Amino acid sequence: MKNRARSSKVTVSADGRGLVSQAGAVLLRETLRVTGPGRGLSAALEPWRAPRAVHDPGKIVADLAAALAPGGDCLADIAVLREQPALAGPVASDPVVSRLVKTLAADEPRVLAAIRAARAAARERARALAADAAPGGDGGPVIIDPDATIVIAHSQKDQACPARKKTFGHHPMTGWAGHGQDGNGEPLAIVPRAGNAGPDTAADHIEAAGLAQLPRQPRRTAPARADSGGGTHEFLSWLTAKPRRLRYCAGMTVTEPVAEAIGKVPADGRAPAHDGDGQVRDGARAADNTGLPDTGGWPGGMRVIVRKQRPPPGARLRLADVDGHRFTCFATDATKGQLADLELRHRQRAAMTRSCR
């Protein structure tokens with residue numbers, strides 16, 4: 001069945017005519033139409049279409065995704081779109097949606113591969129339409145930020161269990177593509193995991209990196225940025241292996257050998273560190289600790305950069321704090337740039353992932 005949803009130019013009017021609830025969904029539907037994920041999903045999910053089916057599986061999946069925007073959190077919330085046929089076109093009934101989800105779940109690996117391919121094609125189309133205005137279109141990097149996050153569950157849902165931060169729920173690994181200072185970012189991948197899943201599992205970081213979701217051009221130059229959960233031999237080796245050879249910066253735990261090496265950095269080897277606005281922060285210093293701790297087994301060319309500062313007011317001191325100062329460090333293969341700039345770029349990952357969530 002063809003989608004009869006409106007495809008005319010979006011206009012804003014104050015005359016009280018043509019009003020709909022959830023008006024913001026109009027822009028989402030137009031984005032779906034222009035970038036083509038609906039058509040891509042229809043073609044990708046055709047093998048799972050039941051004989052004599054009235055509703056297109058691709059259209060149903062697209063409607064489920066669109067229902068998330070106005071706050072939907074279950075299959076039945078697709079009714080928000082069904083109540084506005086002029087906006088969303090024909091929407092399947094709840095039993096039809098449930099049967100399709102059951103059918104797709106029975107062939108999960110192939111279905112996920114088909115959906116991901118359709119999403120990647122839509123991203124490529126959106127980037128082509130945006131041209132120089134696309135993230136990275138000006139030659140700047142599109143940074144990949146894999147990160148684990150806690151999702152609270154209030155009942156015994158599948159894989160929900162006590163988490164390491166004394167909560168109950170799930171611990172998915174997410175992957176985001178940063179859009180620079182002027183934008184938030186976009187989700188590349190979300191890997192469902194149980195609440196007790198570890199934050200440093202390399203296989204989950206690799207899957208969440210979502211390289212296949214990036215258009216071809218930025219994929220070749222996208223650096224990866226992670227917290228200490230991504231600072232593992234396996235993940236960094238995967239990033240730097242052929243043919244990827246991606247650049248990276250990843251947090252590292254201040255172990256005893258690293259702490260001993262910090263004390264060996266001469267005073268003239270420390271540079272002022274910057275705050276979030278790029279201004280010199282009083283009492284904060286950054287130093288290149290490369291070569292002092294043992295980096296055997298890590299990728300070649302790895303640098304270790306350390307930041308020293310006093311904890312913010314009200315913060316409790318940790319066992320690893322020395323003389324009232326807090327030390328953090330990260331590994332990077334960057335060969336150019338000032339220490340303060342490299343250190344600030346690494347810390348900006350926290351602000352980016354929070355804004356995307």
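**Reading the terms of this model**

Me: Why is Gly 300 called exposed?
Reply: Gly 300 has a relative accessible area of 72%. Exposed means over 50%, buried under 20% and partly exposed in between, with a 1.4 Å probe and protein chains only; the value of 72% therefore places Gly 300 in the exposed class. This is a predicted model, in which local features need pLDDT of at least 70 and side-chain atom pairs count only at pLDDT 80 or more, while totals for chains, interfaces and linings use all residues. Residues are numbered from 1 along each chain as its sequence is written, and side-chain values use heavy atoms, without hydrogens and water.

Me: Where does Gly 300 lie?
Reply: The loop between strand E10 (280-288) and strand E11 (303-309) holds Gly 300; strands are DSSP runs of E with at least two residues, and helices are runs of H or I with at least four, numbered from the N terminus.

Me: What makes E3 and strand E4 a pair?
Reply: Two strands pair if DSSP finds at least two bridges between them. E3 and E4 (residues 168-170) have two bridges, in the antiparallel sense, and therefore meet that condition. Pro 162 stands opposite Phe 168 in E4.

Me: In what order do the three strands of the open sheet stand?
Reply: The order is E2-E4-E3, with antiparallel pairing. Strand E2 (151-152) and strand E3 (161-162) each have a single partner strand and stand at the edges, so one side of each lacks a neighbour in the sheet.
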